Amino acid sequence: MAKKENKEVAEVTEVTEVEEVKEAKKAAKKTTKVTAEPEVEAEPAEEKKPKKASKKTVKTEAEAEVKEEVVAPKEETPAVKEEAPKPVEDSVEVSVEQKLVALYTLQQVDSKIDEIRAYRGNLPLEIQDMEDEIAGLETRIENFKEESKKHQKDITDYRIKIKETEALIKKYEEQQNNVRNNREYDSLTKEIEYQQLDVQLSEKRIKEITAKDNEVAAKVAEAQSRLAELQTSLKEKKDELQSLVEGTEKEEEQLLQRSAECEKLVEDRLLVAYKRIRKNARNGLAVVGIFDEACGGCFNRIPPQHQLDICTHKKIIVCEYCGRILVDKGIIAQYNA
């Protein structure tokens, strides 16, 4: 019995020991799992956190740099917006209308200046033409006079020749009275006939030269009368030019001042375009009105939509064909007012 109890106690102790060992193993496994898991999770957590922090710091630094770069222009833009608050559309419409009025006024002033300069500019050209014609007539008269002198010299030479020939004829006639035979008489007769023909030819030449000299004299008289007329008209033109310069000088100065004032109201870009169009246009018109739904410069028809845009004064419209700046009757009325 004692042995059985000892066996049972031993078995129980063995079972308990086995169970304790199993429980210890289970507890050891749990502890190892618990200890292993936090160590594994802690290390990457500690490693990942600095990486995330470094990325965040890099991003924040890059964003800060970008913000610093972008902030500078953004500080200027609000300043511009503050200067031009939101009722910009009304001011733009008014400014465009004012620009159109200034452009049309500038065109009218420049056209008047062109008229003054054109009228005053034609007179010097006419005076120059008259002076050139007078110089030509004087040269022509001198040439005619030289030609007349030559004619007179030729006539004198022919007359001298006629006298010499007549003297030879008399000599030959006297020799005929003292000839010894018929042969000498015939030769002297032929010589006399030849000299007589020479006299006739000289007289004919004298008549021809005299006729030419008479024509030259008529041309000289005509040239002298024309010269006298030109000299008179030249004096009148010079006096007219002098009075014109004195009379239009002040007006031209006033127009130039007004033109400069109008140019100040126009943007540089528009002013450059205006001057370029004026330079290329034959009549110097860069700003024209609309007449009978057509351009006042090239007389081509303007589409209705363009006419509407021109009347609203919201933007500057140019002709599709000639490139001139177009204005409506309202702008013209403001200029006339």
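A residue is taken as buried when its relative accessible area is under 20%, and in this predicted model Tyr 104, with a relative accessible area of 9%, is therefore buried. Tyr 104 belongs to helix 2, which spans residues 88-176. Leaving aside residues up to four places away in sequence, Tyr 104 touches Val 287, Val 327, Ile 331, Ile 332 and Tyr 335.

A search of the whole structure returns one aromatic pair. This pair joins Tyr 104 and Tyr 335 in an edge-to-face arrangement, with 5.3 Å from centre to centre and 80° between the planes. Because Tyr 104 lies in helix 2 and Tyr 335 in helix 6 (residues 329-336), the pair ties together parts that are 231 residues apart in sequence.

Tyr 104 is also listed, together with Tyr 274, Val 287 and Val 327, among the residues with the most contacts inside the largest nonpolar core, which has 20 residues. At least two residues of this core are supplied by each of helix 2, helix 4 (268-280), strand 3 and helix 6, and the largest share, seven residues, comes from helix 2.

Arg 324 is located in the loop between helix 5 (304-312) and strand 3 (325-327). With a relative accessible area of 10%, Arg 324 is buried, because the value falls under 20%. When residues up to four places away in sequence are not counted, the residues touched by Arg 324 include Ile 277, Ala 281, Asn 283, Leu 285, Ala 286 and Val 288, as well as Gly 297, Cys 298, Ile 317, Val 318 and Cys 319. For one of these, Ile 277, the C-alpha atom is separated by 6.8 Å from that of Arg 324, although the two residues are 47 residues apart along the chain. A polar atom of the Arg 324 side chain lies 2.8 Å from the backbone oxygen of Leu 285.

As for the cysteines, the count of disulfides comes to zero. Cys 319 is in no disulfide, and the nearest cysteine sulfur, that of Cys 298, is 3.6 Å away; a disulfide would require the two sulfur atoms to lie within 2.5 Å. Both Cys 298 and Cys 319 are among the residues that Arg 324 touches. Cys 319 counts as buried, at 6% relative accessibility, whereas Cys 311 counts as partly exposed, at 46%.

Terms used
Residues numbered from 1 in each chain as written. Predicted model: local features only at pLDDT ≥ 70, side-chain atom pairs only at ≥ 80, totals over all residues. Heavy atoms only, no water. Phe/Tyr/Trp six-rings, centres within 6.5 Å; stacked < 30°, edge-to-face > 60°. Helix = DSSP H or I, 4+ residues; strand = E, 2+ residues; numbered from the N terminus. Buried < 20%, exposed > 50% of the residue type's maximum accessible area, 1.4 Å probe, protein only. Contact = heavy atoms within 4.5 Å. Polar contact = N/O pair within 3.5 Å; in protein donor to acceptor, adjacent residues only side chain to side chain. Core = buried A, V, L, I, M, F, W, Y, C linked by side-chain atoms within 4.5 Å.
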